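Please look over the sequence and the fold first, and then follow the notes below.

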Amino acid sequence: QVQLVESGGGLVQAGGSLRLSCAASRRTFGPYTMAWFRQAPGKEREFVAAISYNGGATAYADSVKGRFTISRDTAKNTVYLQMNSLKPEDTAVYSCAAGVGVAPSRASTYSYWGQGTQVTVSS
């Protein structure tokens with residue numbers, strides 16, 4: 001079983017930046033696509049970004065294109081989400097995920113999930 005450990009969430013003002021990190025357990029079965037999802041109070045879980053196992057392909061939700069960047073360090077088995085120009089509507093619990101499916105924006109693709117980290121953006 002793959003375990004994912006997240007860090008980097010917090011409270012920032014609108015226009016600020018945060019970088020989230022998600023480290024996978026060292027012994028894994030792959031290759032895995034990795035992704036970030038978010039869920040705000042009273043809202044459905046929403047796809048944010050995904051990256052292929054070799055880092056060669058990425059996908060983003062329209063709401064974050066141009067502001068967020070997903071990347072991964074294969075040697076460290078870690079995925080990052082750099083979030084710039086944050087808006088109050090970005091406030092949510094962010095979770096990282098790993099899976100071997102073929103639809104990167106669908107939650108059902110992912111078999112393993114992190115614990116979630118809170119991102120709060122004040123206006």
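Is Y112 buried, partly exposed or exposed? Y112 counts as partly exposed, at 22% relative accessibility, where buried means under 20% relative accessible area, exposed means over 50% and partly exposed lies in between, with a 1.4 Å probe and protein chains only. This is a predicted model, in which local features need pLDDT of at least 70 and side-chain atom pairs count only at pLDDT 80 or more, while totals for chains, interfaces and linings use all residues. Residues are numbered from 1 along each chain as its sequence is written, and side-chain values use heavy atoms, with hydrogens and water left out.

**Overall build**

- The protein has 0 helices and 11 strands, where helices (H or I, at least four residues) and strands (E, at least two) are DSSP runs numbered from the N terminus.
- Along its principal axes, the C-alpha trace spans about 40 × 25 × 25 Å, and buried residues make up 41% of the 123 residues.
- Of the contacts (heavy atoms within 4.5 Å) between residues at least 6 apart in sequence, 55% join residues at least 24 apart.

**Aromatic rings**

- A search of the whole structure finds 5 aromatic pairs; rings of Phe, Tyr and Trp (its six-membered ring) pair if their centres lie within 6.5 Å, and planes under 30 degrees apart count as stacked, over 60 as edge-to-face and the rest as tilted.
- One of these pairs joins Y32 and Y112, whose ring centres are 6.0 Å apart and whose planes stand at 90 degrees, so the pair is edge-to-face.
- This pair links distant parts of the chain, since Y32 is in the loop between strand 3 (18–24) and strand 4 (33–39) while Y112 is in strand 10 (residues 110–113), 80 residues apart.
- Y32 counts as buried, at 11% relative accessibility.
- The rings of Y110 and W113 also form an edge-to-face pair, because their centres are 6.3 Å apart and their planes are at 80 degrees; Y110 is buried at 6% relative accessibility, whereas W113 is partly exposed at 29%.
- F37, F47, Y110 and W113 make up one aromatic cluster, and R45 lies over the face of W113, 4.4 Å from the ring centre; a charge sits over a ring if NZ of Lys or CZ of Arg is within 6 Å of the ring centre and within 35 degrees of the ring normal.

**Strands 7 and 8**

- Strand 7 runs antiparallel to strand 8 (residues 78–83) and is joined to it by 6 bridges, where two strands pair if DSSP finds at least two bridges between them; I70 has L81 as its bridge partner in strand 8.
- The two strands form a hairpin with 4 residues between them, and N77 in the turn has a positive phi of about 55 degrees although N77 is not a glycine.
- N77 is buried, with a relative accessible area of 19%.
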